Amino acid sequence: KMTQQMRDLQLAQARKPPGPSSPNAAKRLYRNLSGKFRVNYTSFDEGSLVGRGEKEKLRKSYLFQSNAALFEAVELQDLDRVQELLKQYSPEELDLNTPNSEGLLPLDIAIMTNNAPIARALLQAGAKESPHFVSLESRSLHLSTLVREAEQRVNELMAQVVNEAPSADCSEKEKQLKAWEWRFRLYKRMKAGFEHARVPDAPTRVHLSVASSSSLQVTFWEPLSVNSAVVTKYKVEWSCSPTFLPPLGEAVMDKLKVLHFTIQGLVSGTAYYVRVSAYNMKGWGPPQASVPPFAIPSNWREYDGRAPRRRGQAEALDHLLGQVKTVHQHCVCHEPCKNQPQSRKHSVSKSLKHLFHPGSKFLKMLKRGLYLTAIFYKDDNILVTHEDQIPIVEIDDTYSCLLMQDFLWFTKVSCMWDEILWLRQCVTVSQSSCSCILQTRFKMLLAISQMQGLLGIQDLGQVFFEPIKDKQGNILIVTLKEVKTNQTFESVRWVPICKLQTSRKSVSSPEEPTALDTLLISVQDKLTYHQRSSHALSPGLYLGYLKLCSAVDQIRVLVPERLPNILCHVKIRSNPNVSREEWEWLQKLASVEEPVPTEPEADTSQNPLFQELQVAIRELMTLVNIPLQEAKDFRLYSQEVLDFGDQVSFLLLLPPSDDVCTAPGQNNPYTPRSGFLTLPLQIFELGEEG
């Protein structure tokens with residue numbers, strides 16, 4: 001029978017005004033009561049302690065109201081209210097997994113009334129079933145007790161209402177009677193739901209794949225029929241035997257946001273069988289074997305024992321840089337040159353003194369030369385000088401034709417913003433035999449130092465892939481950096497981008513805009529490029545398309561505008577690993593010089609990678625506007641899988657040898673649709689490394 005405490009609680013709940021309790025009402029109560037506690041105490045410390053104690057009591061009362069509101073929403077099958085509460089409060093604040101006085105949890109009520117949408121919402125929030133239901137018998141007995149005691153309470157109240165004369169007390173008991181009649185119907189519905197339910201069917205689409213040399217990944221879908229009871233967990237089992245005797249391990253999944261599981265700690269080269277079963281309140285359903293029935297943990301590198309390409313590269317480069325710095329500490333270029341003509345020495349000294357003079361400022365106008373501009377942005381705001389100009393400093397006022405090699409050298413320098421002072425010492429112009437190239441690059445380093453000093457920041461960001469040029473002989477090298485914190489800058493301020501664009505008065509014609517006007521007109525496009533170039537691909541295996549075009553002084557690579565740091569690509573699958581068996585099949589495909597598979601064949605229809613490649617190739621050819629019949633002459637790059645970390649890998653699709661790189665003037669009948677651009681190969685490499 002119910003305890004006296006439970007009866008008192010239910011009686012108190014029955015005396016409440018009709019309608020579910022509201023957290024908003026609790027908020028108003030909290031505000032009103034907290035106002036009443038604002039009294040003058042003789043001791044400030046005592047008042048603070050009492051105030052904190054009362055507020056803590058009110059907070060607990062507030063959260064108790066939220067917990068009661070969640071139970072009411074589940075009982076009333078109000079999905080919108082349940083979702084609102086789950087969004088507004090954390091599971092801990094809602095006491096999501098604390099049983100009520102009847103020993104029930106919100107999830108218990110949802111699954112026993114077979115309310116699948118509410119049950120799924122609760123499961124995704126981390127809800128559990130009541131630990132009191134250790135067996136089917138205990139659940140059945142508990143429900144029978146709730147139904148019997150609710151029925152008894154209804155009969156008692158009905159007798160009191162019939163026998164007593166009309167009065168205020170009688171009216172209160174009629175309200176209690178209605179509340180208990182509703183609860184009696186709820187318990188009966190829960191009991192009926194439990195009795196009619198059966199164990200769930202087996203999960204569907206159980207797919208097994210090789211995740212690495214020591215792990216397998218299994219993905220699956222919900223059962224076609226849950227048999228009137230929501231599935232609350234799944235069990236993944238694995239064994240070296242198809243009979244699962246003996247079993248090697250199992251894992252129970254009760255977090256159902258994603259239906260996949262990675263089995264870790266397996267032995268490479270060993271076959272493992274996997275199956276999955278579902279659970280509801282009636283117990284575990286039958287297991288479903290995976291497709292394929294077994295898999296062998298492996299990686300494509302095991303085919304020929306190849307080591308990862310990038311293993312130890314970063315450490316080796318750091319070590320090499322350290323050695324170079326050590327050598328340059330004693331380099332002759334750090335000693336003053338005695339053979340330099342006096343006039344040249346005086347000129348350099350004067351220019352350096354002028355550069356670091358406190359009066360050195362940003363430029364307002366351009367005068368035929370090479371310049372550096374730094375674009376810093378945050379949300380929709382951009383950093384400008386006090387004259388509402390984007391920060392610009394001069395590199396060389398006698399340089400009117402930027403050589404591509406100088407520009408590419410500058411982009412490499414952008415990887416070492418913190419080392420500019422050291423680089424200036426290495427690239428010295430103090431020797432009379434100094435080349436024009438070294439002079440230009442030294443001036444670039446001086447301009448970087450000046451920009452860093454004026455802004456008060458070292459990192460100037462990423463270099464835009466092409467400089468801005470105008471017909472007046474001005475060239476602008478542009479750097480871009482997004483500011484995500486409240487960073488302090490010197491001599492500049494934030495303004496909205498739209499305000500900067502509308503307030504500036506153009507000093508050139510639309511037919512021949514100056515480099516400054518072009519910068520302002522295209523600033524939003526450059527910010528979009530910068531943001532997109534920092535995006536990362538989601539984990540998976542991708543099919544990339546390598547297409548190059550050459551010019552006199554550079555080679556450019558085709559990339560998508562939406563992700564300019566990655567080759568044109570489509571996703572093959574979510575699993576990035578290529579197993580040894582899959583790589584062996586690709587090697588056989590390459591050794592017989594067969595065309596790229598675009599049509600299904602009978603003997604390979606059971607090869608998942610073959611089917612996935614067919615779909616990916618069709619999608620990729622459509623993306624880059626190449627007829628599918630032309631793809632028969634394309635090749636898969638069979639030397640290696642391109643690994644980008646542990647979560648992203650690429651297979652490369654190559655055009656015929658003569659078409660991989662289009663020469664100047666060569667006709668290319670198939671041009672990609674809009675949404676693509678070509679980047680200098682060195683710029684692309686820097687972006688990909690980043």
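pLDDT is the predictor's confidence in each residue, from 0 to 100, and contact means heavy atoms within 4.5 Å. This is a predicted model, in which local features need pLDDT of at least 70 and side-chain atom pairs count only at pLDDT 80 or more, while totals for chains, interfaces and linings use all residues. Residues are numbered from 1 along each chain as its sequence is written, and side-chain values use heavy atoms, with hydrogens and water left out.

View A. For the protein, mean pLDDT is 83, and 81% of residues reach 70 or more.

**View B. The loop between β3 and β4, with Phe244 and Pro246.** Helices (H or I, at least four residues) and strands (E, at least two) are DSSP runs, numbered from the N terminus. Here the loop joins β3 (233–239) and β4 (249–253). Phe244 is not a glycine, yet its phi is positive, about 60 degrees. Phe244 is buried, at 9% relative accessibility (buried is under 20% relative accessible area, exposed over 50%, partly exposed in between; 1.4 Å probe, protein chains only). Look next at the bond from Leu245 to Pro246: this peptide bond is cis, with omega near 0 degrees.

**View C. A cis peptide bond from Val291 to Pro292.** Omega is near -5 degrees for this bond, and Pro292 sits in strand β8 (residues 288–295).

**View D. Asn114 in the loop between α6 (106–112) and α7 (116–124).** Asn114, not a glycine, has a positive phi of about 55 degrees. At 38% relative accessibility, Asn114 is partly exposed.
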